[in-house]
Amino acid sequence: PLLQTLKELEKREIPGEILTSNYLDFSEPQALEKLNSLKNIRIKMYDTNSAKNGFHTKGYIFKEEEVYRIIIGSSNMTSAALTTNREWNTKLVSTLQGEVAEDILKEFDELWNLEYALDYDVFYEDAFKAYLGAVYLNIKESTIYDIKHIFSTHVDDFFCGRKMPEIKKSDLISWLDGLWTKTRNGKPYSQKTLMRVYSFFSSFYNWCAVHYGFENALNDVKPPKRRDVEEPRTFWTECEFERFVACIDSLKYRAIFTTLFYCGCRIGELQALTPKDYDGKQFYIHSSFTQKTTDGSPYRITETKNYKSRTVPLPQKAIVVIDEWIQYKQKHKMPNKYIFGSDNPPSRHAIQVQKDSAIEKAGVKRIRIHDFRHSYVSLLMAKGVNFGVIAALIGDTLEQVVKTYAHHVEDDKAIAVSLL
């Protein structure tokens with residue numbers, strides 16, 4: 001009966017507003033979509049998660065000319081509640097000049113215009129802005145940067161201009177099929193990269209389904225699978241590193257590459273090191289450098305990747321080189337806010353240029369900057385250090401170390417059996 005009445009009002013072009021909420025996830029998405037299909041009805045969803053309070057009001061306001069009929073009580077907008085359930089409701093008939101009616105209308109207008117009252121008919125672009133605002137304080141700024149980049153590259157073109165509640169299962173499948181066929185420089189994206197895109201989008205879409213109260217079409221959609229050819233990890237032995245570092249004339253870059261090889265830190269962690277983080281025997285690693293900022297700043301010093309701090313003892317051969325560089329800076333009165341930089345952290349690009357040049361001179365195999373970290377782990381494993389200690393030294397979990405360096409386990413199986 002209620003839907004028939006609303007349809008009749010639609011024909012007569014009599015407008016209405018419905019303010020519901022996601023409190024306890026009581027609102028049924030199908031019912032909201034049905035109401036939203038009515039051209040005369042505007043729906044808003046009060047987001048109790050963002051507001052951090054409950055929203056359990058039940059009231060119905062009808063206006064005919066200058067007379068308001070207001071029903072307030074226990075009845076939800078369900079057939080049973082409005083027809084057969086035992087409910088307690090109060091009906092008030094008043095003009096706008098009535099004090100109670102005036103207070104009720106004022107309260108409704110305040111709730112309707114709050115930032116937590118979100119349009120059910122929200123477009124993708126507005127939903128994405130709201131999502132970023134909601135998660136901004138809970139995740140790292142560099143992750144926000146990555147989300148923006150990934151959405152602009154892989155998501156925006158398909159979903160811009162669409163209403164979030166109207167995105168169907170077929171739309172999501174179509175987007176995923178297109179995503180899995182995309183290429184870069186003539187090569188398909190790796191499964192790992194595509195799953196990262198899917199993971200970011202899934203978090204966004206699930207958030208929207210909860211906050212705007214529509215049916216989650218992504219629940220029945222699985223991303224495609226593709227087996228990537230795994231490239232073997234590249235790393236150097238100590239002999240290769242010594243050949244490489246012997247071709248570097250700069251004391252600064254000798255110290256940088258020695259630290260990367262004998263400390264196993266990430267490049268951002270090295271860039272963030274300050275004099276306070278070195279006691280002559282070990283590094284205290286607790287922060288990281290990133291250029292992934294959202295406010296135009298050239299860089300930011302943040303937490304480490306896993307929000308973990310650690311101390312990493314250094315071998316004497318590394319200490320000698322690092323101390324020589326520090327003494328050189330002191331002698332020449334160079335700015336010393338950062339150990340390997342000056343008033344600013346050292347440039348990754350400059351480190352990359354020095355690395356490539358020395359590799360060319362030394363004739364050793366080409367590796368990435370991050371492969372110095374793999375070389376450190378491989379060196380420790382060759383010395384018989386157990387996975388637990390390695391995980392503590394590089395600031396990773398034991399599970400991640402085992403997963404990343406599983407090829408070493410295969411090598412050790414034969415050695416272990418030979419000892420029986």
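Is Lys-383 buried or exposed? Lys-383 is exposed, with a relative accessible area of 59%, where exposed denotes over 50%, buried under 20% and partly exposed the range in between (1.4 Å probe, protein chains only). The structure is a predicted model, in which local features require pLDDT of at least 70 and side-chain atom pairs pLDDT 80 or more, whereas totals for chains, interfaces and linings use all residues. Residues are numbered from 1 along each chain as its sequence is written, and side-chain values rest on heavy atoms, without hydrogens and water.

The protein contains 19 helices and 12 strands, assigned as DSSP runs (helices, H or I, at least four residues; strands, E, at least two) and numbered from the N terminus. Of its 420 residues, 41% count as buried.

Salt bridges (a side-chain nitrogen of Lys or Arg within 4 Å of a carboxyl oxygen of Asp or Glu) number 16. One of them joins Arg-300 to Glu-141, with the closest N and O atoms 2.7 Å apart. This pair connects strand S11 (residues 300–303) with helix H7 (residues 141–154), the two residues being 159 apart. Arg-300 is partly exposed at 24% relative accessible area, while Glu-141 is buried at 15%.

Helix H7 also carries Asp-146, which forms a salt bridge with Lys-292 at an N to O distance of 2.8 Å. Asp-146 is buried, at 11%, and Lys-292 partly exposed, at 33%.

Lys-383 itself pairs with Glu-238 (3.9 Å, N to O). Glu-238 counts as buried at 19% relative accessibility.
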